[in-house]
Amino acid sequence: MGMTIAEKILAAKSGRKAVAPGDVVTVQLDTIILFDNNFMPNNWREIQRVCDPERIVVVFDHRVPAPNQIAAGAHRTGREFVRRFGIKRFHDVGREQGISHQLVADYGYALPGSVLVCSDSHTCSGGVFNCLARGVGGPDIIYSAVKGETWFRCGETIRYELEGALPKAVTAKDAFLQIAGVHGDHATQNVEYGGSGVAGLSINARKTMTTMSAELSAEFATFECDDTLVQWVRSRNPRAFNPVKPDADAKYKAVRKVNLVALEPLVALPDSVVNNSQPVGALKGTRIDQAYIGSCANGTQDDLELAAAVVRGKRVASGVRLIVVPASQTVYRDAMKSGAIATLMEAGATIAPPTCGACGGGHMGVLAAEETCITSSTRNFKGRMGEPSSRVFMASPATVAASAIMGTIADPREFLQ
Amino acid sequence: MKFKARVWKVGDNINTDLILPITAFYLTLEEQISYVFKANRPGWAEQVQKGDILIGGKNFGMGSSRPAARSLKNLGLACVVAPYINGLFFRNAVNFAFPALECPGVDEAFDEGDIAEVDVIAARVRNVTKGTELAAKPLPAPLLAIVNAGGIYPLLEKEGSIAPKVTTAAASR
Ligand code: SF4
């Protein structure tokens, strides 16, 4: 019987002819990413041997630069680990700093057809590269670094056929919020994105969808490979790779069409991303205290350019904080060169250094009790970005930028003609 | 691996941030347990007795990779049973040897305070109070082996792949 992308990669990497839903398989890992939380004293266990330093990447992203002594200590532990095993792909605070999932894109770490793990839930981000990328637990990542393998449960696959092109000021975030709003969680299932509409989406836009698939609780999220993708990866990573196509007779639990042309800007209400989307019009006028643009889902150059286009020549409403966090130094440098950073700063944005920052409630824009934030980040659980009584609405960077200017939730289509 | 105890119930879509909020990140493991469900059920953690059983709702443990399963275990809970469990939480449950069973219909079969009997190996969940029984999904053999070994760390420690645990107060912070 035919297999989906996820099933084919699971089969290839576990040395089996076929893998079907329900199977538990042990898989060889191509890339293993450790990040600063792994080195926190509560989580870290001193590793005595690693499978292969060439397969390991170390990133500091959740708390950079260190906001307190515990984080600073974790960074020191991480640096010692890097030194001890001679890890070459190391992203410390500095020139190559960034959020791990953005670095995967910047440096082409997720090769088509390969398997990548990191103990961050949004690791499914790397699925945009036709790669089987999954967030695992902290102990899993230590096990993976030692053994070079881990287990996966294979779930059923839901396929989304994207069709048409997005209207102006409507983004991949809105496409995702449409899917999450209508179809709810996809726990224990894989998500596969394809269709004729993919060609019109940038890699950054596609990456928003795979990254956000963590909110669907999907096991794996993958995109099919195309020329745009091959070029992206080739220009960043010299290693050879083998893209994987789903079989023509692959068995899906469901195939659902998403007509991009018909979409409008959406907003997820506080506390949940799934089953919680509303058209922006329904929330227009809701007062905000903070607007946040960043994260591994929407801190790319595309996102900063879009936000800059919305705020160009305008001022952030008084009493509102617009915090913009480029997802990596590469993104930051590119947005400096293009002028997007200057435009955002002129409007009144505070630019934070590349970090997870307030997306995970860590630092750089944490919310006080009762405050309201609209964010382009990934998650809006109660207390995610600060006090449990704060409210976090989620939308595209365009909608967040428009809201920052108005001081209330606003429709970006009125800003981008 | 059999447990018989009183049942606590929580609703659908319980996320990891409710179990282990960011505010508890820098605390000791001992301190972290008092933060379980602080936002949605203040005061609950103090009422849990050692060996109690948690019945979750749909997509139990959705959210991040943080070791939320470890907090539930450290709180003294024997296991969690839910209709279906988030894949990442499930991994961490295996990692920390905290039995997590998927059992369709379990959320409707129990009221809080009922007595449950959970047989992890046989994958059976019985409501002793109501006299009903449900079939759960068995834990796959390789995962059961990790749980039986006490989780990933003891397993790696035993073969010398990671250093033994340091247990000074400062190290646990
Ligand atoms: S940006 Fe947010 S969602 Fe992404 S890895 Fe960091 S904390 Fe997680």
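Predicted model: local features only at pLDDT ≥ 70, side-chain atom pairs only at ≥ 80, totals over all residues.

Residues are numbered from 1 along each chain as its sequence is written, chains are lettered from A and ligands numbered from 1 in the order in which they are written, and side-chain values use heavy atoms, with hydrogens and water left out.

The ligand sits in the largest cavity (more than half of its atoms lie within 2 Å of the cavity's grid points; on a 1 Å grid over the protein atoms alone, a 1.4 Å probe fits at a cavity's points but cannot get out, whereas a pocket is an open set with protein on both sides within 12 Å along at least five of seven lines, and lining residues have an atom within 4 Å of a point). Among the residues surrounding the ligand are A:His62, A:Asp120, A:Cys296 and A:Arg384, each with a heavy atom within 4 Å of it.

The second largest pocket holds about 430 Å³ of space, the volume filled by probe spheres set on grid points joined across faces, edges and corners. Its lining comprises 22 residues, with A:Arg153 and B:Glu102 among those nearest its centre.

| Residue set | Nonpolar | Polar | Charged |
|---|---|---|---|
| Shell around the ligand | four residues | five residues | two residues |

Ala, Val, Leu, Ile, Met, Phe, Trp, Tyr, Cys and Pro count as nonpolar, Asp, Glu, Lys and Arg as charged, and the others, Gly among them, as polar.

B:Asp107 counts as buried (under 20% relative accessible area, with exposed over 50% and partly exposed in between; 1.4 Å probe, protein chains only) because its relative accessibility is 11%.
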